[in-house]
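Look at the model shown here with its open spaces in mind.

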Amino acid sequence: MASIAYQLLNDHLLEGELRQGEEIKIKIDQTLTQDSTGTMVYLQLEAMDIDTISTELSVAYIDHNMLQTGFENPDDHQFIQSAAEKYGLVFSKPGGGICHQVHLEQFARPGKTLVGSDSHTPTAGGIGSLAIGAGGLDVAVAMASGFYYLKVPKILNIRLSGKLPVGVNAKDVILTILGKKTVKGGTGYIVEYSGEGVKSLSVTDRATICNMGAELGATTSIFPSDEVTEAFMRRHGREEQFVPIHATDDAHYDEVMDLDLSTVVPSVAKPHLPDQYAPIDSLGKVKVDQVAIGSCTNSSYTDMMKVAHILKGRKVHEDVSLVISPGSATILGALSENGALATMIQSGARVLESACGPCIGMGQAPKSGATSLRSFNRNFKGRSGTKDAKIYLASPETCAASAIKGYIASPSELEGLDEIKEPDHYDHATNYLIYPKPKDERPSETIMGPNIKPFPVAEPVEDKISKKILLKAGDNVTTDDICPSTAKLLPFRSNIPKLSEYAFSTLVDDFKERAEKNHGGIVVGGDNYGQGSSREHAALLPLYLGVEAIVAKSFARIHRSNLINMGILPLVFKNPDDYDRIMEGDEITLSNVKASIESGEFIMHTPAGDVELIGDFSAREKDMLYEGGYLNYTKNRRDVE
């Protein structure tokens with residue numbers, strides 16, 4: 001008598017009760033990391049002083065910081081590989097592919113739990129995994145201990161009927177849902193899909209939808225494991241790992257939404273948020289300068305083949321730069337063998353290696369003021385590497401058609417659209433994977449280059465905080481705003497002192513100067529503060545600069561957890577209108593902080609009068625804040641053991 005999500009939570013329950021809002025501890029079967037967040041994960045794992053991991057499988061991927069314009073990125077790669085060797089992880093070398101695509105192909109399993117240091121870890125929900133994105137320290141603890149804490153979410157059931165028309169992609173489905181629910185509409189929910197329409201979607205279609213469930217703010221998204229799942233696993237040589245999973249007929253859902261797939265149309269997300277939904281036929285002819293196809297959202301074999309069909313015998317528009325990033329070496333190899341790669345090249349496309357690439361601003365920044373159409377998951381301002389570029393999100397089919405036409409075009413404007421037949425068997429590019437050696441043959445030390453600096457660790461909370469408001473920001477502040485993600489800055493993800501020079505740099509030019517001048521301070525934000533990536537750097541940079549609390553109308557789930565993990569207070573206005581009473585530069589005081597953490601009720605003394613704040617913390621979160629974050633909390637308990 002349960003939803004899929006609650007069945008899997010119950011199967012993995014270690015502590016607590018499945019009551020909404022209650023914190024529970026669940027067993028974690030698998031973890032994944034990528035190199036943009038992974039260096040910090042393994043530094044934290046080192047600080048825990050363990051010699052082996054507690055999961056069934058943990059994989060360290062190199063897929064983000066791939067441009068090697070200096071020693072920094074390759075040094076990070078070497079450190080991660082040495083950590084994988086030391087702790088017994090699978091290591092995926094550069095070029096092997098994007099973590100979520102490779103994990104879906106080779107490792108994710110129905111019914112298993114997966115925690116990853118990347119917000120798009122829920123991609124594996126397409127195969128029936130309970131897959132959750134988390135901050136790096138949460139993932140490090142999961143590897144060390146085999147468990148993860150979360151608050152029991154509500155369940156949003158999206159019932160699918162009908163079948164997608166030819167030329168309409170699963171990307172159009174999730175853009176439609178985002179248009180209805182917004183970027184904070186899934187906060188506090190697991191999104192669970194059901195209905196007859198599910199059977200018409202491939203596993204990679206489902207993965208696309210689950211991937212961008214992260215943009216809804218959802219804890220995760222999940223599909224049933226059915227005959228479509230079994231066929232996918234058979235093609236990838238893993239049919240023995242298949243298990244059927246479905247909700248019972250009397251499963252309880254907190255909210256239900258119906259969507260007829262036959263009514264979904266080619267669409268885009270307009271700049272600068274993924275929920276800025278618009279059907280293509282409502283846009284007019286929007287000229288495009290750049291088109292980018294790939295990312296963990298839309299780089300599957302079928303997506304690549306749909307693109308190749310559209311490009312076959314055609315020429316990329318003379319004013320358009322088209323770049324394509326296949327999702328894995330396995331897919332790139334298949335495209336090479338079946339001629340699709342040649343088709344792409346002959347059309348005038350630039351084919352990039354199997355990596356995240358332009359999606360995270362790692363190369364292919366558009367020209368000044370450009371319009372760039374991308375099959376990616378985020379279009380935050382400046383994320384492309386060009387601050388004044390206008391970024392639209394769309395399906396691979398729409399991207400390919402637009403690259404030919406020179407404007408944002410519906411795939412229906414071109415002939416030759418067809419359904420794609422998958423190979424009976426995929427020949428995995430396994431030589432990019434390095435599997436762990438027996439424990440007695442593993443090295444005892446990791447290798448660290450000069451760019452890898454110690455990470456900051458918070459002190460136990462003070463009972464009185466008297467600080468200045470360093471920054472007052474608006475709604476939907478992203479982790480890209482707090483810790484920008486560009487090709488220039490990604491090499492410094494393991495160097496917090498250097499990276500701190502760019503904290504909040506999309507919002508203000510002098511945040512570090514403000515923090516240093518005032519010996520730290522407080523940041524104020526609006527709704528959905530910290531949305532976007534799981535990167536804990538968006539908490540580490542404020543910690544390093546002496547920020548002791550963030551006060552906002554509401555927080556994105558992962559960022560709130562990251563703040564607590566780092567020992568920073570995430571506090572919410574009891575009356576959201578009080579946001580308007582706070583001014584940048586105000587001197588404020590929080591008194592009786594320890595008692596307030598315990599009660600959950602805070603009073604902030606401001607020049608405009610007292611403001612009531614809420615800190616809704618679990619017993620464990622309270623202890624973490626008292627002790628100065630999750631690392632101190634974990635080490636203190638290990639010392640007791």
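β8 (147-151), α17 (557-565), β24 (569-573) and α19 (619-627) each give at least two residues to the lining of the largest pocket. Helices (H or I, at least four residues) and strands (E, at least two) are DSSP runs, numbered from the N terminus. This is a predicted model: local features need pLDDT of at least 70, side-chain atom pairs count only at pLDDT 80 or more, and totals for chains, interfaces and linings use all residues. Residues are numbered from 1 along each chain as its sequence is written, and side-chain values use heavy atoms, with hydrogens and water left out.

A pocket is an open set of points on a 1 Å grid over the protein atoms alone, where a 1.4 Å probe fits, with protein on both sides within 12 Å along at least five of seven lines; lining residues have an atom within 4 Å of a point. The largest pocket holds about 780 Å³ of space. Its lining counts 32 residues, and Lys151, Thr187, Arg557, Arg560 and Asp616 lie nearest the centre. α17 supplies the largest share, five residues.

Just after α17, Gly567 takes a positive phi of about 85°.

The second largest pocket has a volume of about 620 Å³. Ser200, Asp205, Lys306, Glu419 and Ile420 are the closest to its centre among 27 lining residues. α7 (203-211), α8 (227-235) and α9 (301-311) each supply at least two of the lining residues.

Terms used. Points joined across faces, edges and corners; volume = space filled by probe spheres on them.
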